[in-house]
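Thank you for making time this morning.

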Amino acid sequence: MKVVVCVKQVPDTSGKVAVNANGTLDRASMATITNPDDLAAVECALQMKDANSDVEVVVVTMGPPPAEGMLRELLARGADKAVLVSAREFGGSDTFATSQILAAAVNKVGVGKGDIVLCGRQAIDGDTAQVGPQIAEKLNLPQITYAADIKLEGDSVVVKRMLEDGYMTLKAQTPCLITCLKELNEPRYMSVSGIFECYSKPMEVYDYEALKDDPLIEKDTIGLLGSPTNVYKSFTPPQKGAGTMVEDAAALVGILNAKHLI
Ligand SMILES: Cc1cc2nc3c(=O)[nH]c(=O)nc-3n(C[C@H](O)[C@H](O)[C@H](O)COP(=O)(O)OP(=O)(O)OC[C@H]3O[C@@H](n4cnc5c(N)ncnc54)[C@H](O)[C@@H]3O)c2cc1C
């Protein structure tokens, strides 16, 4: 059984967020981390491997060459194989083009009956939550989003989805794609032996040549040219005011009354 996990390297937005003069994110000057939801997806795959030694965990990222460092860390945590999808032709891709390329990469890794593709729910930089569902559509796989718990049942998965107002449990046949929430688990750290082993584990690079024969990959479906999204304006929203502290409920009722809100 193969579990393919799509993992994105993102700028660490918990620190100072640097913005270029044109309003775009200054990625080069910011530290990078593994997207939190994706770390939970990797941990979920590793727990499946802990329970069944036949499970092979393959981590896939699309990004610039330095993303190899993140992949090595994931190999040190216990993944079996890593794939770096990287080429000039892929640069400037929006979510449509990104999912097109990642779907072709998953095709090349190969998923069949019994296999699972895991993604994070959402990347903390792009924040769209579109890439996972788009990959599923392009690969014609059943998909379950917002996973807070995943159980394997033979050739099926039973997934507890966390929604705003409750939970929903769904069952799907494999192969399928699941998008994971960081609430799914507590990711493990790299082990010392894992750090030693990560340099001898397989790491493949899929460039344009490697993927160009996939029917999903055309020059006008990837990169900037294949990206239907146009960014018209990008700006930092104005800071909210300080707000007003209210002493007690009676004072609050008085204020709301004065504004004719109650
Ligand atoms: C016109 C345009 C040009 C852009 N050019 C660039 C660019 O040159 N470089 C750049 O970094 N960004 C670029 N972006 C941003 C890029 O589109 C998004 O970061 C990317 O498509 C993923 O979308 P998201 O971050 O909203 O991911 P989400 O949809 O929120 O991610 C959901 C999940 O999908 C998976 N996933 C998403 N992206 C990747 C990935 N790259 N590798 C593996 N798994 C992934 C992860 O599992 C993730 O948790 C551009 C955007 C636009 C609109």
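Let us begin with Ser86, where a polar atom of the side chain lies 2.7 Å from the backbone oxygen of Gly63; a polar contact here is a pair of N or O atoms within 3.5 Å, where within protein one must be able to donate a hydrogen and the other to accept it, and residues adjacent in sequence count only if both atoms are side-chain atoms. Please keep in mind that this is a predicted model, in which local features need pLDDT of at least 70 and side-chain atom pairs count only at pLDDT 80 or more, while totals for chains, interfaces and linings use all residues. Residues are numbered from 1 along each chain as its sequence is written, and side-chain values use heavy atoms, with hydrogens and water left out.

Ser86 sits in the loop between strand S5 (81–85) and helix H3, where helices (H or I, at least four residues) and strands (E, at least two) are DSSP runs, numbered from the N terminus. Ser86 counts as buried because its relative accessibility is 14%, and buried means under 20% relative accessible area, exposed over 50%, and partly exposed in between, with a 1.4 Å probe and protein chains only. If we leave aside neighbours within four places in sequence, Ser86 is in contact (heavy atoms within 4.5 Å) with Gly63, Pro64, Pro65, Tyr206 and Asp207.

Thr98, which lies in helix H3, is also buried, with a relative accessible area of 15%. Again leaving aside neighbours within four places in sequence, Thr98 is in contact with Met62, Ser93 and Val131.

Which parts of the chain supply at least two residues each of the shell around the ligand? They are strand S4 (56–62), helix H3 (95–109), strand S6 (116–120) and helix H4 (131–139).

Why can we call S1 (residues 2–6) largely enclosed by the rest of the structure? Because five of its five residues are buried, with Lys2, Val4 and Cys6 on one side and Val3 and Val5 on the other. As a general point, in a regular strand the side chains alternate between the two faces of the sheet. S1 runs parallel to S4, joined by five bridges, and parallel to S6, joined by three, where two strands pair if DSSP finds at least two bridges between them. Val3 stands opposite Val57 in S4, and has Ile116 as its bridge partner in S6.

For contrast, let me end with Ala28, in the loop between strand S2 (9–11) and strand S3 (32–34), which counts as exposed because its relative accessibility is 79%. The C-alpha atoms of Ala28 and Gln134, residues 106 apart along the chain, are separated by 27 Å.
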